[in-house]
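Take a look at it before going on.

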Amino acid sequence: MGRSSVVVLKKNNTKKCSSVKCQHTKIMDPQDLADCREIHAGLMAKERNSINYLFLDPVDTNYFTDYTTIIERPMDLRTLKENLDGGRYTTKEDFYADTQLIFDNAITYNKDKAESKFAVDLAKRMIRAFD
């Protein structure tokens with residue numbers, strides 16, 4: 001059975017937990033958290049299905065075997081949500097940086113591949129939706 005952790009929110013907007021991995025770190029402001037959740041929901045919205053589908057899940061490195069040699073820090077919308085829900089972002093800027101990373105990674109990985117021009121185009125469209 002896995003180790004459970006208990007998180008206690010303190011008045012100074014920090015968290016204290018019993019997990020070995022947890023440090024006493026600042027948690028995101030509740031309004032910023034709500035804003036980040038809204039941004040994520042917007043990027044996941046059904047009306048964006050024609051452009052967000054490449055970014056929903058981690059890249060399949062069994063198929064794209066060179067991905068991790070080109071991309072230092074993979075990111076996708078599912079992992080972004082898991083990080084947000086898991087309290088891994090302490091500021092909205094951290095969340096924004098990882099959101100931008102999703103699309104920057106797609107551009108970096110696909111920019112020199114003629115057959116993947118569509119992926120670069122989709123990443124640029126998602127950046128516009130994010131801005």
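## How H5 sits among its neighbours

Let's start with a pair of helices: H1 passes H5 in a right-handed crossing. Handedness here is read from the near helix: turned anticlockwise from the far one by less than a right angle, the crossing is left-handed, and turned clockwise, it is right-handed. H1 covers residues 30-44, and its axis comes within 9 Å of the H5 axis, with a crossing angle of roughly 15°. H1 and H5 are therefore roughly parallel to each other. For the wording on angles, under 35 degrees counts as roughly parallel, over 145 as roughly antiparallel, 65 to 115 as roughly perpendicular, and the rest as oblique. The axes themselves are lines fitted to C-alpha atoms, for helices over the stretch in contact, and the angles run from 0 to 180 degrees between N-to-C directions.

H4 and H5 have axes that come within 10 Å and cross at roughly 170°. That makes H4 roughly antiparallel to H5, and the crossing is right-handed. Then there's H6: its axis and that of H5 (residues 92-110) come within 8 Å and cross at roughly 160°. So H5 is roughly antiparallel to H6 as well, but this crossing is left-handed.

## The model and its layout

A word on what you're looking at: this is a predicted model, in which local features need pLDDT of at least 70 and side-chain atom pairs count only at pLDDT 80 or more, while totals for chains, interfaces and linings use all residues. Residues are numbered from 1 along each chain as its sequence is written, and side-chain values use heavy atoms, with hydrogens and water left out.

The protein has six helices and two strands, and from the N terminus they run β-β-α-α-α-α-α-α. These are DSSP runs numbered from the N terminus, with helices (H or I) needing at least four residues and strands (E) at least two. Of the 131 residues in the protein, 32% are buried. Buried means under 20% relative accessible area, exposed means over 50%, and partly exposed is in between (1.4 Å probe, protein chains only).

## Salt bridges

How many salt bridges does a search of the whole structure find? The count is seven, taking a salt bridge as a side-chain nitrogen of Lys or Arg within 4 Å of a carboxyl oxygen of Asp or Glu. One of them pairs Asp98 with Arg73, at 2.7 Å from N to O. This pair links distant parts of the chain, 25 residues apart: Asp98 is in helix H5, and Arg73 is in the loop between helix H3 (67-70) and helix H4 (77-85). Asp98 is buried, at a relative accessible area of 4%, whereas Arg73 counts as partly exposed at 44%.

Other bridges stay within one helix. In H4, Glu82 and Arg78 are four residues apart, so about one helical turn separates them; their closest N and O atoms are 3.7 Å apart. Glu82 is partly exposed at 43%, and Arg78 is partly exposed at 42%. In H6, Asp121 and Lys117 are also four residues apart, or about one helical turn, and their side chains meet at 2.9 Å, N to O. Salt bridges that share partners also join Arg37, Lys81 and Asp85 into one network.

Where is Thr99 found? Look in helix H5, where Thr99 is buried with a relative accessible area of 0%. Its C-alpha lies 7.7 Å from that of Leu77, a residue 22 positions away in sequence.

Thr91 belongs to the loop between H4 and H5 and is partly exposed at 28%. Along the chain, Thr91 and Asp29 are 62 residues apart, yet their C-alpha atoms are separated by 7.4 Å.

Which residues make the nonpolar surface patch of about 280 Å²? They are Tyr53, Leu54 and Phe118. Patches are made of residues with over 30% relative accessible area and no salt bridge; like charges are joined within 9 Å, and nonpolar side chains (Val, Leu, Ile, Met, Phe, Trp, Tyr) within 5 Å. The accessible areas come from the Shrake-Rupley method with a 1.4 Å probe, and for residues only the protein chains shown count as cover. Phe118 lies in helix H6 (residues 117-130) and counts as partly exposed, at 43% relative accessibility.
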